[in-house]
Amino acid sequence: MARFRTLDDIGDVRGKRVLVRADLNVPMQDGKVSDDTRLRAAQPTIDELADKGAIVLVLSHFGRPKGEDPMLSLSPISSALAKVLGRTVGFVTECKGPAAEQAVGLMAAGEIAVLENTRFEAGEEKNDPALVAAIAKLGDIYVNDAFSAAHRAHASTEGLAHVLPAYAGRSMQAELEHLEAALGEPERPVAAVVGGAKVSSKLDVLNNLVGKVDHLIIGGGMANTFLAAKGVDVGKSLCEHDLKDTALGILAKAEAARCTVHLPYDVVVAKEFRANPPIRTVNVHEVAADEMILDVGPAAVEALSDALKTCRTLVWNGPLGAFEMEPFDAATVALARTAAALTEAGSLVSVAGGGDTVAALNHAGVADSFSFVSTAGGAFLEWMEGKPLPGVDALRA
């Protein structure tokens, strides 16, 4: 990975106006922030810059507004950010223009303000140079701390990096360093767990990973498509039968790259998808026509755990089964706890990401034991696909 500029390269910021692109796109309930994870992720960068005397101006989108929408203002989120930081945080009702310039001009060294939702501006998602120039007038320096938005070439995520001195914030830096350790120049052997409902949603991920990892563990509904491609009758399981040839192509590519693909050989089946129905644990060749595969079986999980014990690096995206409903969370929980134990023992670097993945690791009680858990859904997935991330590439030294 080419080197990227960080806060360590930024020099003296006292009195400088620093535009910090954070991710304040947080869930709200009854007008209040219901999960402040992303606000806490922004704290180290904001604190560091404010403590060094910078005037910190926080940029972010919120929701998907079509023009200005009072319901999607960042004003209430600026109050929630103040609570997380334990500092006063101002709010500027525009993210560009004379009113914003006047408000910023009144700020003193060490002060913090959130600017209004960047997506209120029509040019944000178009990366309009005129909007980039207008926002840039507010700042002397640009810091991108929103890896979760780095796969978008928007004015606030990529455009500003080309017109102001640009640096990665601490959250962005942590993401990039851990991702580099996971797939850039990892310690081998490398394992990847890829789960989820459909092969079609992870085709690019699978095609990229088979050339980069030593062990590819496929779970979730997508494993059924691979089993069916190999001639297994998966009953009424979720399965993309039209992608059998695609699945066989991925298996052939893996074999050519000497990547071992792990598919379940025992599975947990039920006749209906609901909590705690009658279940059977059977060999994959014993699934009845009226049954559906809903989790990986215990024998396969034990074999997967043994495979992880031989590895030095793990990338995880997606659950092994229908983890949101008991008892079909068992395989995901068991393998996640093995990975966590190996990480804590110092023998495994474990990096995980994606919405369902974070939820599954939290459900297993092991998220804090992984080396790194990314909350960046789309950007994490595109990184796993091997695609360029415009917001990251703009920060290269």
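1. Start with the sheet: six strands, open, in the order β5-β6-β4-β1-β7-β8, with parallel pairing. Strands here are DSSP E runs of at least two residues, helices are H or I runs of at least four, and both are numbered from the N terminus. Two strands pair if DSSP finds at least two bridges between them. At the edges sit β5 (89-92) and β8, each pairing on one side only.

2. A quick word on the source: this is a predicted model, where local features need pLDDT of at least 70 and side-chain atom pairs count only at pLDDT 80 or more, while totals for chains, interfaces and linings use all residues. Residues are numbered from 1 along each chain as its sequence is written, and side-chain values use heavy atoms, with hydrogens and water left out.

3. Now zoom in on β1 (residues 17-21) and β4 (residues 55-59): they run parallel, joined by 5 bridges. Val 18 has Val 56 in β4 as its bridge partner.

4. Next, Ser 148, in the loop between β7 (141-144) and β8 (166-168). Is Ser 148 buried or exposed? Ser 148 counts as buried because its relative accessibility is 17% (buried is under 20% relative accessible area, exposed over 50%, partly exposed in between, with a 1.4 Å probe and protein chains only). Leaving aside neighbours within four places in sequence, Ser 148 is in contact (heavy atoms within 4.5 Å) with Asp 23, Arg 38, Ala 376 and Ala 379.

5. Finally, Leu 216. Again leaving aside neighbours within four places in sequence, Leu 216 is in contact with residues including Ala 192, Val 194, Leu 206 and His 262.
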